[in-house]
Amino acid sequence: MKVLLVFAHPEPRSLNAALRDIAVNELKAQGHEVRVSDLYAQGWKSQIDRADFPSLPREARLMVPAASGATFAADALTPDVKAEQDKLLWADILILQFPLWWFTMPAILKGWVDRVYSYGFAYGVGEHNDMRWGDRYGEGTLAGKRAMLIVTAGGWEEHYSARGINGPIEDLLFPINHGILYYPGYEVLPPFVVYKADRLGEADFDQLAEQLRVRMRTIESTSPIPYRQQNGGDYLIPTMELRSDLGAPGADGFKLHVKGDEADDINEIEADRRCVAGTGTMS
């Protein structure tokens with residue numbers, strides 16, 4: 001299969017860079033074709049602004065969705081954005097890899113999403129009527145492809161548990177998994193999360209590396225997170241609210257958007273793939 005890994009870390013000697021190389025080498029060993037978009041190395045422009053829409057008249061007020069849609073339709077996007085969109089269309093699997101900074105992805109990666117996910121490409125796709133509300137959340141341009149996250153966090157696993165001070169890791173990653181990956185159609189695999197990343201000992205690295213290799217070997221067969229499809233009948237259109245007869249009793253928030261009893265199993269699925277780092281200096 002064809003795999004695109006979008007990498008967002010500024011240090012070539014970081015733990016993230018080492019994990020990237022392990023993932024890429026294992027994927028290639030399994031016969032996959034791999035491309036890497038190293039955003040810092042590419043000097044990726046993170047902010048979306050008027051320069052992204054060269055066909056927009058000078059006197060026109062910048063309204064990003066409208067400008068994005070018109071520029072995409074005119075095939076006038078900037079070359080860097082076009083190149084990344086071509087990679088997304090080429091790839092069967094997308095991996096986003098980044099350190100968790102202030103509870104989300106680094107700005108450079110968010111800027112990659114802002115600029116590459118053009119209106120008409122990743123959103124604003126499909127017909128809106130009384131039966132469906134566009135092609136999104138399980139449908140869309142990138143439907144039929146798979147995606148996953150490789151994430152490092154400095155805190156302990158317990159800090160990101162159901163009762164942890166930082167909130168459950170599943171909740172923190174939900175806007176990325178559900179809102180950035182599932183929205184344009186990807187089947188989203190459980191993330192590979194590394195904890196205590198700044199205190200990882202050399203003795204622990206070999207175990208961590210093997211766990212990542214296993215995830216790369218099973219990337220085609222791992223079951224995706226069972227998110228509900230928007231136009232599959234679970235949501236009322238046009239309010240996009242989950243039907244009152246669905247969802248576990250008392251459930252609310254993000255878990256409502258995972259099908260059936262699997263919502264309670266996401267923590268177990270993720271726990272099988274998590275890595276808890278030890279102590280040391282590698283970061």
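Predicted model: local features only at pLDDT ≥ 70, side-chain atom pairs only at ≥ 80, totals over all residues.

Residues are numbered from 1 along each chain as its sequence is written, and side-chain values use heavy atoms, with hydrogens and water left out.

Q: How do you know that the span of helix H4 agrees with its number of residues?
A: Helices are DSSP runs of H or I with at least four residues, strands are runs of E with at least two, and both are numbered from the N terminus. The expected span is 1.5 Å times one less than the number of residues. For the 12 residues of H4 (79-90) this gives 16 Å, and the end C-alpha atoms are 16 Å apart, so the two agree.

Q: Which residues of H4 are buried, and what covers them?
A: Val81, Glu84, Gln85, Lys87, Leu88 and Trp90 are the buried ones. Their cover includes strands E1 (2-7), E2 (33-38) and E3 (93-99), together with helices H2 (39-42), H3 (64-73) and H5 (107-116).

Q: Why is Thr71 called buried?
A: Buried means under 20% relative accessible area, exposed means over 50%, and partly exposed lies in between (1.4 Å probe, protein chains only). Thr71 has 1%, so Thr71 is buried. This residue is found in helix H3.

Q: What does Thr71 touch, not counting residues up to four places away in sequence?
A: Thr71 touches Asp52, Phe53, Pro54, Ser55, Ala76 and Leu77, where contact means heavy atoms within 4.5 Å.

Q: What makes a space a cavity and not a pocket?
A: On a 1 Å grid over the protein atoms alone, a cavity is a set of points where a 1.4 Å probe fits but cannot get out, whereas a pocket is an open set with protein on both sides within 12 Å along at least five of seven lines. Lining residues have an atom within 4 Å of a point. The structure holds 1 cavity of 30 Å³ or more, and the largest cavity has a volume of about 40 Å³. Its lining includes Asp52, Phe53, Leu77 and Val81.

Q: How much space lies in the second largest pocket, and which residues are closest to its centre?
A: About 220 Å³ lies in this pocket. Of its 13 lining residues, Val113, Asp114, Tyr117, Tyr123 and Gly179 are the closest to the centre. H5 gives the most to the lining, with 3 residues.

Q: Why is the pair of Tyr160 and Tyr195 called tilted?
A: Rings of Phe, Tyr and Trp (its six-membered ring) pair if their centres lie within 6.5 Å; planes under 30 degrees apart count as stacked, over 60 as edge-to-face and the rest as tilted. The centres of Tyr160 and Tyr195 are 5.8 Å apart and the planes are at 40 degrees, so the pair is tilted. Both residues are buried.

Q: What makes Phe174 and Tyr227 an edge-to-face pair?
A: The angle between their planes is 85 degrees, with 6.0 Å from centre to centre. Phe174 lies in helix H6 and Tyr227 in the loop between helix H7 (202-217) and strand E7 (235-236), so the pair ties together parts that are 53 residues apart in sequence.

Q: How do you know that Phe174 and Tyr227 are buried?
A: The relative accessible area is 10% for Phe174, so Phe174 is buried. Tyr227 is buried as well, with 6%.

Note on methods: Points joined across faces, edges and corners; volume = space filled by probe spheres on them.
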